[in-house]
Amino acid sequence: MCRCGWLDESKPDYVAYHDQEWGVPVFDDNKLFEFLTLESAQAGLSWYTILKKRDNYRQAFHQFDPVKVAAMTEEDINALMDNAGIVRNRMKIEAAVNNAQRFLEIQREFGAFSTYIWQFVDGKPITNCYQSLAEIPAKTPLAEKLAKDLKKRGFKFLGPTTVYAHMQASGMVNDHTVDCFRYQQVKALATSQSTG
C-alpha cells in the first residue's frame, strides 16, 4: 500500500493520522480550533512531536472548546508552564488563549469559523496533483493571503507555512501525492462534502 513520502510508517499512530485524518475536509468549528491550536504549537517542531502530545493538549485546553480556552487566566497559563505533557512555551500557550478569543470573534461575525475559513477556497477543497513530496510547497499565495487576514484579526503563531499545514490537515487542500492510496479517497470526500 503506497502512502505519502513524508510519513514514517514505523509509527502506528502517525500512520493512523495519515490514513484517517490528514486531508479529510473539516467543517466542525471545535475540530478546526483543535487543528489551529496544535499547528501553532508545532512551529519549529515536528508534527509527530505534537501528535504524540495531542491527548495531553486535549486535557490541558478543555477538549479544545474555544469558549473555555478563551476564558483561561494568567494563573491557568502559569499552571500549563508546569505541564510536561505539552510544549512549555509561554508565547505559544498565550497564543492559544489569544487565538481562542479571536476565533470567537470570527464566529460572532460569520456565524461559524468554518464559514470564514472555507470562503478562502470557495467552500470546497482544492485537489492538487502532486507526483512527489518534492513538488509540495511549504506555503502558497492562498496560504499567505489567509495568514495575512488571520494576523490582521489578531491571531498569533499562524504564519503562511503553519496556515498551509492547517489547510492540508483540515482538507482545504488535498496534498496526498497521487500515488498515495488516500488520494482518490480524499478526492471523493472533497466532492461529497462542501459548505456550498
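**Buried charge and aromatic pairs**

Reply: Asp175 sits in the loop between β2 (173-174) and α11 (181-192). Keep in mind that the model is predicted.

Me: Which side chain of opposite charge is nearest to Asp175, and how far away?

Reply: Asp175 is buried and has no salt bridge. A salt bridge needs nitrogen and carboxyl oxygen within 4 Å. The nearest side chain of opposite charge is 13 Å away, and it is Lys187.

Me: With which side chains does the side chain of Asp175 make polar contacts?

Reply: Leaving out residues up to four places away in sequence, Asp175 touches Trp22, Asn128, Tyr130, Ile136, Tyr164 and Gln168. Another, at 2.8 Å, goes to the side chain of Gln168.

Me: How do the rings of Tyr14 and Tyr48 pair: stacked, edge-to-face or tilted?

Reply: The model has 12 aromatic pairs. In this one the ring centres lie 5.0 Å apart. Stacked needs planes under 30 degrees apart, edge-to-face over 60. The planes here are at 40°, so the pair is tilted.

Me: How many residues apart in sequence are the parts that Tyr14 and Tyr48 tie together?

Reply: Both Tyr14 and Tyr48 are buried. Tyr14 belongs to helix α1 (residues 12-20) and Tyr48 to helix α3 (residues 47-52), so the pair links parts whose separation in sequence is 34 residues.

Me: Which helix holds both Phe113 and Tyr116?

Reply: Phe113 and Tyr116 form a tilted pair, 5.5 Å centre to centre with 55° between the planes. Phe113 is buried at 0% relative accessibility, and Tyr116 is buried at 0%. They are three residues apart, about one helical turn, in helix α8 (residues 113-118).

How values were computed. Residues numbered from 1 in each chain as written. Predicted model: local features only at pLDDT ≥ 70, side-chain atom pairs only at ≥ 80, totals over all residues. Heavy atoms only, no water. Phe/Tyr/Trp six-rings, centres within 6.5 Å; stacked < 30°, edge-to-face > 60°. Helix = DSSP H or I, 4+ residues; strand = E, 2+ residues; numbered from the N terminus. Buried < 20%, exposed > 50% of the residue type's maximum accessible area, 1.4 Å probe, protein only. Lys, Arg positive; Asp, Glu negative; His and termini not counted. Polar contact = N/O pair within 3.5 Å; in protein donor to acceptor, adjacent residues only side chain to side chain. Contact = heavy atoms within 4.5 Å.
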